[in-house]
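Please brief me on this structure.

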Amino acid sequence: MVYCRECGELNRDGANYCLKCGSPLRGSEGGDTRPHPARMKAGPRTITLTASDGTENLDRLTPEILRMDTDTLMKCNDEIKELVKKRRIRRGDFEASMEELMAEIRSRLEALSGELRALSPQLLRVTVEIDRSKPDVKITTSLDKDRMEGYLEKIKSRQLSDQSPTTPSWRDLCPVCREAPLTPFPKRRIPGGSKRNMRCSNCGAVFMYKGNGYLLSRVSDKNTRAWRLYGGKTLTEEEWTRIANGGVSNELQREIQRKRDIEERKRDIEGWLKSAAEGNVTFREPQTPIILRKNERAVLVLHNIDLYEPRAVRRTAGGYGGPTIRVSKNLSFRMGALNAISESRDELRRIDTGTLTLTTRRMIFTGTKRTTNIDLRKVLAIQPYTNGIAVQRENKKRTEHFLNTEKTLLNITHSGRTHTVPADGAVMKAVIEGLIRKL
């Protein structure tokens, strides 16, 4: 039996989490296993489970993202209820059944970190009430109301702050020179032309009314920034007002945001790869086709993976040469010699196609003709490629190539932001190096 260091609860041998407080148990690893008599009495126990990662990204918090994150929390809540409904509590081994159930709930709560865009995963709390004397279990879920109200107040205050004082209209401040107002004028040579057209007496900018916007058709100095960016373009009055007050058009704003998103994504992926290589990234455990060993957990399962290995191929090349002697009309002799050169070289050949399973201890390839079991402790080097990896290991002469890994997409989270990336060679190498570090 193992006693919890935090609360002194008595747990079964091999248990990973305490049934009383949910803390990780270290008694099986040589920790303190001495009993705490004050905590050994039987009776109801209550455990509150939440995600360990409390990261939130308030910079991205908007009413739309709040609704999406709330839907994600509700979906997770329904999945936990369904998980509890399907789990059978074994009366003969009550403690083991409860530990398995809580491990599944913890795994689902940890996955929230990669699914929420702005809210904290710790919003969702799962309360487990255990009565060992009956035995009986009751599980309820709830949201942190105080924290949710804080998010709502944050959105309201941000909306109020965004209502800035009235800015000058583009008619009062020319978007090109920003020094003089615009004056209306009719189109030339058209009697009774529209007076919606605008021009600036300071810089000579001319804005022609077109549809629902205004076209910047002419300026005195075409080296100005406004002409380089917006010359010959039709923009709405709202956009021209924004430009006159130091802003940019909608199109340019989208382009700037797109470049920022690309740079942000690049930084996040680089940071995630570094964390993964250090063993600081956790994965939601997938369904695996193999039988796992004790204390082994599945990390990634990739389907339709091709296994390639180098094979020796021999090629022969040569030629025949010599004179031809004619003896009679229908008879001649060819005299000469045959010179042939034979060489052998290695070429990559596809061996099989199957499933590549990565666990905390092994890398297993299961195909129709070949099954490969690689102990991560025997991996010597990993070469990443855009479409897979090459693995060199002990007691194996040929390098094994696992290709087509990039067809599997992964959701990664860094700094509270989630991205979808292909499981290419760089990602696979970082994940495997992190698993090796934790062995």
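Arg-108 is buried, with a relative accessible area of 5%; buried means under 20%, exposed over 50% and partly exposed in between, with a 1.4 Å probe and protein chains only. Arg-108 forms a salt bridge with Glu-79, and their closest N and O atoms are 2.3 Å apart. A salt bridge is a side-chain nitrogen of Lys or Arg within 4 Å of a carboxyl oxygen of Asp or Glu.

This is a predicted model, in which local features need pLDDT of at least 70 and side-chain atom pairs count only at pLDDT 80 or more, while totals for chains, interfaces and linings use all residues. Residues are numbered from 1 along each chain as its sequence is written, and side-chain values use heavy atoms, with hydrogens and water left out.

**Salt bridges**

- Side chains of opposite charge can pair when their charged atoms come close.
- The structure holds 17 salt bridges.
- Arg-108 forms its salt bridge with Glu-79. Arg-108 lies in helix H2 (residues 94-111) and Glu-79 in helix H1, so the pair ties together parts 29 residues apart in sequence. Helices (H or I, at least four residues) and strands (E, at least two) are DSSP runs, numbered from the N terminus.
- Glu-79 is partly exposed, at 28% relative accessibility.
- Glu-115 forms a salt bridge with Arg-284, with the closest N and O atoms 3.9 Å apart. Glu-115 sits in the loop between H2 and strand E4 (124-131), and Arg-284 in the loop between helix H6 (250-277) and strand E11 (298-321), so the pair ties together parts 169 residues apart in sequence.
- Salt bridges that share partners join Glu-79, Arg-108, Glu-115 and Arg-284 into one network.
- Glu-115 is partly exposed at 27% relative accessible area. Arg-284 is partly exposed at 47%.
- Glu-56 forms a salt bridge with Arg-147, with the closest N and O atoms 4.0 Å apart. The pair links distant parts of the chain: Glu-56 is in the loop between strand E3 (44-49) and helix H1 (63-86), Arg-147 is in helix H3 (residues 145-162), and they are 91 residues apart.
- Both partners are partly exposed: Glu-56 has a relative accessible area of 33%, and Arg-147 has 27%.

**Second largest pocket**

- The second largest pocket has a volume of about 200 Å³. On a 1 Å grid over the protein atoms alone, a cavity is a set of points where a 1.4 Å probe fits but cannot get out, and a pocket is an open set with protein on both sides within 12 Å along at least five of seven lines; lining residues have an atom within 4 Å of a point. Grid points are joined across faces, edges and corners, and a volume is the space filled by probe spheres set on the points.
- The lining consists of Arg-60, Gln-257, Arg-260, Asp-261, Glu-264, Arg-267, Arg-417 and His-419. H6 and strand E21 (417-422) are the elements that give two or more residues to this lining.
- H6 supplies the largest share of the lining, 5 residues.
- By class, the lining has no nonpolar, 2 polar and 6 charged residues. Ala, Val, Leu, Ile, Met, Phe, Trp, Tyr, Cys and Pro count as nonpolar, Asp, Glu, Lys and Arg as charged, and the others, Gly among them, as polar.

- E21 has a covered face of Arg-417, His-419 and Val-421. Its uncovered face holds Thr-418, Thr-420 and Pro-422.
- Strand E20 (residues 409-414) pairs with E21 in the antiparallel sense over 6 bridges; two strands pair if DSSP finds at least two bridges between them.
- Asn-411 has Thr-420 in E21 as its bridge partner.
- E20 and E21 form a hairpin with 2 residues between them. In the turn, Ser-415 has a positive phi of about 55°.
- Ser-415 is partly exposed, at 45% relative accessibility.

**Open sheet**

- 5 strands form an open sheet in the order E6-E7-E8-E9-E10, with antiparallel pairing. Strand E6 (182-185) and strand E10 (234-235) stand at the edges, each with a single partner strand, so one side of each is left without a neighbour in the sheet.
- 5 bridges join strand E8 (residues 206-210) to strand E9 (residues 213-218).
- Phe-207 stands opposite Leu-216 in E9.

**Single residues**

- Arg-362 is in strand E15 (residues 362-367). Arg-362 is buried, at 9% relative accessibility.
- Asn-395, a residue other than glycine, has a positive phi near 60°. Asn-395 lies in the loop between strand E18 (388-393) and strand E19 (400-403), and is exposed at 77% relative accessible area.
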